[in-house]
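This report describes the aromatic pairs and the ligand site of the structure shown below.

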Amino acid sequence: MPMPPNRLTYQTAGESHGPSLVSTILGVPAGLDIDTDTINRELARRQGGYGRGGRMKIETDTVEIITGVRLGKSIGSPITMLIKNRDSRLDDLERTPPMYRPRPGHADLAGSVKWLTTDCRETLERASARETAARVAACCIGRLLLKQVFDVEVFGFVRSILDARTAAVVEHARLDELRAARDESDTYTLDSETTELQRAIIRRAKSDKDTVGGDVECHVFGCPPGIGSSMNWYDKLDARIAYAVMGIQAFKAVQIGLGVQCSQRTGSQVHDPIHFDPSKINEPSLGFTRSSNNAGGTEGGMTNGQPIVVNGTMKPISTLLRGLPSIDLNTKQPEDSQYERSDVCAVSAASVVMENVVAMEVANAFLEKFGGDSVLETRGNYDSFLDIARTLPLDGDTPPDSVIA
Ligand code: EPS
């Protein structure tokens with residue numbers, strides 16, 4: 001099937017305990033600096049966070065660029081990246097035995113029926129969150145494009161783990177400070193008090209042989225109004241962000257801006273008043289300001305010039321050391337679910353995944369609007385759009401005098 005023009009598409013491949021993970025990205029304009037340090041830094045952050053299990057002590061995820069890059073820059077051809085698994089043992093039946101007792105909450109049961117086998121391993125190897133290493137690598141290309149071509153910044157962090165929630169306010173002007181605070185925290189939240197509470201929750205879950213989930217949040221700064229589209233449901237940027245976030249392993253909800261709280265307020269309490277500040281006409285907002293951002297930066301499936309704010313909810317990991325009531329798929333008799341090495345909490349890691357998948361969706365929407373075979377052309381298209389948009393109203397937009405009279 002021919003690919004639509006001006007659209008980044010990506011695919012990951014690889015099993016959790018296979019030899020490697022692979023990412024392929026199509027549609028990257030030529031001339032993008034494929035900064036492997038940034039990609040590897042994101043991969044290292046994905047491996048971190050308090051509450052991770054033994055696997056992360058074995059792996060040191062880094063990408064090897066296989067195709068699409070010359071002298072550090074994209075050349076317009078498909079980019080392929082490889083991440084080697086150190087814990088590669090897919091065909092070793094002693095170290096990687098079949099799994100017949102499905103874990104409630106995991107893909108095990110549904111996958112076993114779908115692929116007609118009682119061995120859940122055939123499903124779990126791909127359903128495992130290990131795949132997100134390849135997804136982070138792929139989506140980080142979108143993040144690089146956003147930063148290098150459009151000067152758009154993406155920031156993700158952990159808002160809460162169980163009931164330990166940071167009240168920190170996120171603002172573009174404080175981005176460096178917020179990033180430093182997050183990188184200080186080993187749960188990737190924004191203050192030391194919440195970090196301690198979250199650590200205590202994870203420690204407690206570990207000693208109870210249980211698991212915990214939480215909420216992650218992502219902010220995108222520097223988008224002009226008009227990215228995405230209201231013309232077709234599948235072009236709506238908020239819908240596409242929600243799709244990408246729900247596609248992350250163990251995510252059960254996604255909200256933009258005020259999200260589910262909208263139903264508890266009236267229209268006058270929800271919608272963000274519009275102002276115009278001529279001193280900000282050269283900023284990406286083009287001078288259109290708001291006194292609140294309940295919309296989370298999107299209206300009608302398009303950016304409105306305010307930061308995009310996305311919240312995602314990750315359920316507790318479904319592999320519990322204590323097991324959960326289940327059955328043996330061969331005997332159909334009650335048995336506790338099988339334990340596989342896993343994490344007590346991976347919300348911190350999930351915040352890195354979410355940050356990058358959101359970046360990819362936004363990058364894609366930019367590229368669809370501005371096109372271009374090289375980043376120079378893309379940037380030129382963007383600049384000329386901003387130049388025209390700043391001159392609004394255009395000739396013919398203002399009503400003729402006869403109408404005003
Ligand atoms: C993960 C790798 C996995 C798990 C975890 C995340 O490795 P292993 O199964 O070898 O321990 O640690 O995956 C799951 C929580 C899951 O349910 O599959 C990773 O790389 O993020």
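## Aromatic pairs

A search of the whole structure, which is a predicted model, finds 10 aromatic pairs. One of them joins Trp233 and Tyr234: the ring centres lie 5.4 Å apart and the planes meet at 80°, so this pair is edge-to-face. The cut-off for that class is an angle over 60 degrees.

The two partners fall into separate accessibility classes. Trp233 has a relative accessibility of 67% and therefore counts as exposed, the limit for that class being over 50%. Tyr234, at 47% relative accessibility, counts as partly exposed.

Phe366 and Phe370 also form a pair. Their ring centres are 6.2 Å apart and their planes stand at 40°, so the arrangement is tilted. Planes under 30 degrees apart would count as stacked and those over 60 as edge-to-face, with the rest as tilted.

## Surroundings of the ligand

The space that the ligand takes is the second largest pocket. Around the ligand there are 13 residues, of which His17, Arg46, Arg55, His106 and Arg341 come nearest.

By residue class, this shell comprises six charged, four polar and three nonpolar residues. Arg46, Arg55 and Arg341, from the nearest group, belong to the charged class, whereas His17 and His106 count as polar.

## Polar contacts and cover

Methods:
Residues are numbered from 1 along each chain as its sequence is written. This is a predicted model: local features need pLDDT of at least 70, side-chain atom pairs count only at pLDDT 80 or more; totals for chains, interfaces and linings use all residues. Side-chain values use heavy atoms; hydrogens and water are left out. A residue is near a molecule or strand if one of its heavy atoms lies within 4 Å of it. On a 1 Å grid over the protein atoms alone, a cavity is a set of points where a 1.4 Å probe fits but cannot get out, and a pocket is an open set with protein on both sides within 12 Å along at least five of seven lines; lining residues have an atom within 4 Å of a point. A molecule sits in a cavity or pocket if more than half of its atoms lie within 2 Å of its grid points. Rings of Phe, Tyr and Trp (its six-membered ring) pair if their centres lie within 6.5 Å; planes under 30 degrees apart count as stacked, over 60 as edge-to-face and the rest as tilted. Buried means under 20% relative accessible area, exposed over 50%, partly exposed in between (1.4 Å probe, protein chains only).
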